[in-house]
Amino acid sequence: MTSDEAAAPGSGTAGKTGPLPFDTSKAHQARMYDYLLGGKDNYAADRVATEAVLNVYPEMAFAARANRAFLGRVIGYLAREAGVRQFLDIGTGIPTAGNTHQVAQAIAPESRVVYVDYDPIVLAHARALLTSSEAGATEYIDADLRDTDTILSQARQLLDFTKPVAVVLLAILHAIPDSDDPHAIVATLMDAVPSGSYLAISHGGSDLLAADTQQGILDAIRQTSQQQYSYRTHAQVARFFAGTDLVEPGLVPVEEWRPDPGNPSGHSPGWGAVGRKR
Amino acid sequence: MNTEVPGGEQPDPGMDDPSAGGVILRMLLGAQLRRLREAADVTPEQAGYEIRASRSKISRMETGQVGLKARDITDLLALYGVTDEQVQSRFLQLAHQSSRPDWWAKYGDILPGWFENYLGLESVSSTIRTFEIQFVHGLFQTEDYARAVTRLGHQTAPAAEIERRVGLRVKRQDLLARADPPRMWSVMDEAVLRRPVGGPAVMRAQLRRLIEAAGLPQVTVQVVPFARGGHAGASGSFTVLRFEEQDLPDVVYIEQLTDAVYLEQRSDVEHYLEVMDQLSGEALTPAATTLFIEQVAKET
């Protein structure tokens, strides 16, 4: 069904990788995230991997909740204050409460949301459970983030690329190693959308973690997971926003980005920002 | 029922009747009580003292051998430091569910205990995932289709009994019309659509009903077409029930001819969950499924 290298995004298979195999024997980031958020759509390997990470870095549970809360505030901002009605959310994850289309369509029912993921379990859940409001639309693309051709050509059939699109890349770019040039991938996506479009990113910060903690996390992940992680510095994450103007408060730890009173408090290791394309 | 005398232990309702509805639910709630007690570092003796009962009573509560009384639960949850009112009231509601005679009690004469257990669990689940290889799921059946299926299983039963069985099945569907219905995610083999149970007219009406059901916001229907070749669900139909409580494990339910199997050990459940996930991925998307059923209805 697919090649083995598709299961190892770190191996430099840029571009045309097939879907991930259906494999629950190795941990998958989406299911680890589900476990961290208290979900039940995870398997033994995912829990073992997550516990290994928590052992090194107990704050990872907060990090997952903080990232999820960031998603809610970002989509809320984009739909309400920026008036965006089209969303390209890459790295869907296992559906849980407050998914992108639910947040957007609660504010603007006509919002159109295209989800992209390459994990067969995520896609199965997303297709079955992420159902649109009558007025809007929700669609799914089965593609690897590296495969921007597929993503853009399919997204064009569902979204109007002459109008602003919000490109949402939350907790996904760390799974793209430098050898696959994540900055070029983001630039390709942003080149395709018109001026006035938005880019939202959250990204594990190598300068938000102590060196030994970071090494401990990466070691735990290397031994257990389908994905490999590359955490990046503030400056490296800021480069993704080239050609955009960052909205206030700029690139900050995700929990500090326009916090709501009810959000969990703590310190996460993730940088987050929203930029508006010039 | 709060008539017990402090210090004394009364016979617990349902104790003599292990097949009464809610046994599985009681087991799950008991296991949750044990986890909470251990997390709070409370011994069974201390817990027993709190509710004026023995250590062994606590042990029997935690293994689902006895019914759970509201006052005991309230006291124990307080002792274990569970103060969230929503958690408390949901726990009480589930405990109540595990012991009360339900709407199906009046069908006791035709309802085997193992199926009564299932109805109890189904009614408190937050998500019901099913895979069907033979028949349309009971929650989606039309009356005529249900009658045809029932006749197959009870060929010598008098007409009045058949009608009671059909009535039970139709009544059960109130679940999906409830104010806060569970999410129903049903995957089925194409054979389910092609087998004209009750004849072509009954089947066409059934297929229309299935399309209607698929349009409900809480319902997802997916078909695994023959054209996809073999599929992961070779072992047959099964159901995975999920509960809102983070602590309660999923339960797998597998119906057999004269009995049913319940699995709640994580390693067992996980195997079925994996097959269910795989089937959901192999199946047509919900939108494509609706078109597919419409096509089958035309050909029926």
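Contact, as used in this report, means heavy atoms within 4.5 Å. The structure is a predicted model, in which local features need pLDDT of at least 70 and side-chain atom pairs count only at pLDDT 80 or more, while totals for chains, interfaces and linings use all residues. Residues are numbered from 1 along each chain as its sequence is written, chains are lettered from A and ligands numbered from 1 in the order of writing, and side-chain values use heavy atoms, with hydrogens and water left out.

**The sheet of chain B**

Helices (H or I, at least four residues) and strands (E, at least two) are DSSP runs, numbered from the N terminus. Two strands pair if DSSP finds at least two bridges between them. Chain B holds an open sheet of 6 strands in the order β3-β2-β1-β4-β5-β6, with mixed pairing. Strands β3 and β6 (260-263) of chain B form the edges; each has a single partner strand, so one side of each lacks a neighbour in the sheet. From one strand to the next the twist averages 15 degrees.

The pairings are listed below.

| Strand pair | Sense | Bridges |
|---|---|---|
| β2(B) and β3(B) | parallel | 6 bridges |
| β1(B) and β2(B) | parallel | 6 bridges |
| β1(B) and β4(B) | antiparallel | 5 bridges |
| β5(B) and β6(B) | antiparallel | 4 bridges |

B:V187 has B:Q222 in β3(B) as its partner, and B:T130 has B:S186 in β2(B). B:I128 stands opposite B:L241 in β4(B), whereas the partner of B:E255 is B:A260 in β6(B).

Buried here denotes under 20% relative accessible area, exposed over 50%, and partly exposed in between, with a 1.4 Å probe and protein chains only. In a regular strand the side chains alternate between the two faces of the sheet. In β1(B), 6 of the 6 residues are buried: B:T127, B:R129 and B:F131 point one way, and B:I128, B:T130 and B:E132 the other. B:T127, located in strand β1 (residues 127-132) of chain B, has a relative accessible area of 19% and is buried. Leaving aside residues up to four places away in sequence, B:T127 touches B:P182, B:R183, B:V240, B:L241 and B:R242.

Strand β3 (residues 219-224) of chain B likewise has 6 of its 6 residues buried, so it is largely enclosed by the rest of the structure. B:V219, B:V221 and B:V223 cover one side of β3(B), and B:T220, B:Q222 and B:V224 the other.

**Helix packing**

Axes are lines fitted to C-alpha atoms, for helices over the stretch in contact, and angles run from 0 to 180 degrees between N-to-C directions. Helix α6 (residues 113-124) of chain B lies across β1, β4 (238-242), β5 and β6 of chain B, at about 145 degrees to β5(B).

Within chain A, the axes of helix α2 (residues 44-56) and helix α8 (residues 211-224) come within 9 Å and cross at roughly 165 degrees. The two helices are therefore roughly antiparallel (angles over 145 degrees; under 35 count as roughly parallel, 65 to 115 as roughly perpendicular and the rest as oblique). The contact involves, among others, A:A49 and A:V53 of α2(A) and A:I217 and A:A220 of α8(A).

Between the chains, the axes of helix α5 (residues 120-129) of chain A and helix α12 (residues 266-282) of chain B come within 8 Å and cross at roughly 70 degrees. The pair α5(A) and α12(B) is therefore roughly perpendicular. A:I121, A:A124 and A:H125 in α5(A) meet B:D277, B:S280 and B:G281 in α12(B).
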